[in-house]
Amino acid sequence: MALPEFRNEPFTDFSKPENSAAMEQALAAVRAEFGKTYPLIIGGERISTEKTIASLNPARPSEVVGRVASASVEQANRAIEVANATFASWRKVPAAQRADYVFKAAAELRRRKFEMAAVMVYEVSKSWAEADGDIAEAIDFCEFYAREMLRLAGPQKVYPMPGEDDQLQYVPLGAGVAIPPWNFPCAIMVGLVVAPMVAGNTIVLKPASTSPIIAAKFVEVLESVGVPPGVVNFVPGPGGSVGDALVDHPLTRFIAFTGSKEIGLRIFERAAKLQPGQKWLKRTVLEMGGKDTIVVDETADLAAAAEGIVSSAFGFQGQKCSACSRVVAVERVYDELLDRVVERAGSLTVGDPTERGTFMGAVIDDKSRDKIRGYIEAGHREGRLALGGEVETEGGYFVQPTIFADIPPDGKLSQEEIFGPVLAFIKAKDFDEALEIANNTEFGLTGGLYSQNRERLARARDDFHVGNLYLNRKITGAMVGAHPFGGFNMSGTDSKTGGPDYLLLYLQGKSIAEKL
């Protein structure tokens, strides 16, 4: 039977009583598991450690969602060695069989959809809709990458020489390291695991220390569908010691990372150093930061622009690498647009994300809250506060949606990634200047333009230098298959997750010519 064409996983309609009830039940079931400790898993062996990492609920930091074992450098090294040994057999498993494991994982994630979403509500303070979107994207990655591997398996098109049987086939790289972020703790983590895995590689998964429980749950999913021991090894631990050890190990063939520019550059530099016994150039797949801009010109539908800006800037508390951090508006519509955005953002609900009506939960931890507070202080110096600015100092790590007007194009709020619900408004005299400002950062991830002028839309296609450009719509919410995702410049290696080129990052081409 032919495999159905890829389709994105539908989002859950929580207005339906049965779905709302299922989410409430999942939240209660996950809460009942609070405090559980999850071990390391290396080659199928469960290993408890004296030292553990506590995952806290950002909305109620006194609550421990769960704990995971914290690996030592020796255990991290062992995990890479086990992954490398397992690679010898896993690479020979037929692509169709590897894909079948991933299709089964997608089905299991679908079955556990509400549970996985509930974990994210507690662990990273996602709203119901944001958590549901995260697990839907994780399912999409499984479905998409499994199909992609089936497409790439077997001989590829070549133009044979007369008298020869000429073939090109793709083979996997080896044992690699997956280092996902906390902000899409299910979707990106799943993508960084299943893509190299279905391509025939083995993985050491080092989850973010603020979101390890959802990763532990996904490793359970892989075990439940029969993925052999040693193919995916679960090794939480400190980035400075365990992360460095995994990156540096001579048996590490590739590193797949999503996170900050600073850590991405550190990995890039360390991976470039040849270690004793290493016999390859390590491949790095690095998705880093963004300073993402929406440009609005005088022809734009301002109501639509305001809606897109607020959704892009404040969804999941602005903690998306794709989030709108800057609005550059031409002066003719600047004041009206600012008023519309302030009015709309001022009505957003901030609070406990376990409640269905909450739009914004807490930011991830106290360090993030304090960093965001520092940018708010800078905003007072650089511009004019138009909305918000309040930061909770006790209890949950809540930051109100905050907007600063009249920020200079070269200011701190205009140039640096904040990763929180702080939006800078910048005035431009005309569209040309607005586009120039949009391109004036070191990043190049997402960007958007609201305009009814076809010439300007075409100009943005050519000259707005970002990996993901959105025209007359919000700049967050890239969909697997439709919007391959990845940025330019200091936003990373432009890996284009969820696109037709992505699996090739975990494969290498082998050309075979036989004389007939």
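Me: What does T284 touch, not counting residues up to four places away in sequence, and what makes that a contact?

Reply: T284 touches I255, F268, A271 and T493. This is a predicted model, and a contact here means heavy atoms within 4.5 Å. Each of those four residues counts as touching T284 because it meets that cut-off.

Me: Why is T284 called buried?

Reply: Its relative accessibility is 16%, and buried means under 20%. So T284 counts as buried. You'll find T284 in strand 11.

Me: How do you know that strand 11 pairs with strand 10?

Reply: Two strands pair if at least two bridges are found between them. Strand 10 and strand 11 have 5 bridges, so they count as paired, and the sense is parallel. To spot the pairing in the model, look for F254, which stands opposite R283 in strand 11.

Me: Why do strand 1 and strand 4 count as edges?

Reply: They belong to an open sheet of 3 strands with the order 1-5-4 and mixed pairing. Strand 1 (37-38) and strand 4 (52-57) each have a single partner strand, so one side of each is left without a neighbour in the sheet.

Me: How do you know that strand 1 and strand 5 pair?

Reply: Strand 1 and strand 5 (residues 60-69) have 2 bridges, in the parallel sense. The cut-off is at least two, so they qualify as a pair. T37 stands opposite R67 in strand 5. Helix 7 (residues 212-224) lies across strand 1, strand 4 and strand 5, and runs at about 40° to strand 5.

Me: What makes a residue part of the lining of the largest pocket?

Reply: A lining residue has an atom within 4 Å of a pocket point. For the largest pocket, 41 residues line the space, and W182, F257, G259, S260 and I263 lie nearest its centre. Among the elements giving two or more residues to this lining are helix 8 (239-248) and helix 12 (366-382). Helix 9 gives the largest share, 6 residues. The volume is about 1200 Å³.

Me: What makes 17 residues of that lining nonpolar?

Reply: It comes down to residue type: Phe, Trp and Ile, for instance, are on the nonpolar list. Sorted this way, the lining divides into 17 nonpolar, 12 polar and 12 charged residues.

Me: Which element gives the most to the lining of the second largest pocket?

Reply: That's helix 5, with 11 residues. The second largest pocket holds about 910 Å³ of space and is lined by 47 residues. E130, E137, F184, K320 and G477 lie nearest its centre. Its lining splits into 23 nonpolar, 15 polar and 9 charged residues.

Definitions and conventions: Residues are numbered from 1 along each chain as its sequence is written. This is a predicted model: local features need pLDDT of at least 70, side-chain atom pairs count only at pLDDT 80 or more; totals for chains, interfaces and linings use all residues. Side-chain values use heavy atoms; hydrogens and water are left out. On a 1 Å grid over the protein atoms alone, a cavity is a set of points where a 1.4 Å probe fits but cannot get out, and a pocket is an open set with protein on both sides within 12 Å along at least five of seven lines; lining residues have an atom within 4 Å of a point. Grid points are joined across faces, edges and corners, and a volume is the space filled by probe spheres set on the points. Helices (H or I, at least four residues) and strands (E, at least two) are DSSP runs, numbered from the N terminus. Axes are lines fitted to C-alpha atoms, for helices over the stretch in contact, and angles run from 0 to 180 degrees between N-to-C directions. Buried means under 20% relative accessible area, exposed over 50%, partly exposed in between (1.4 Å probe, protein chains only).
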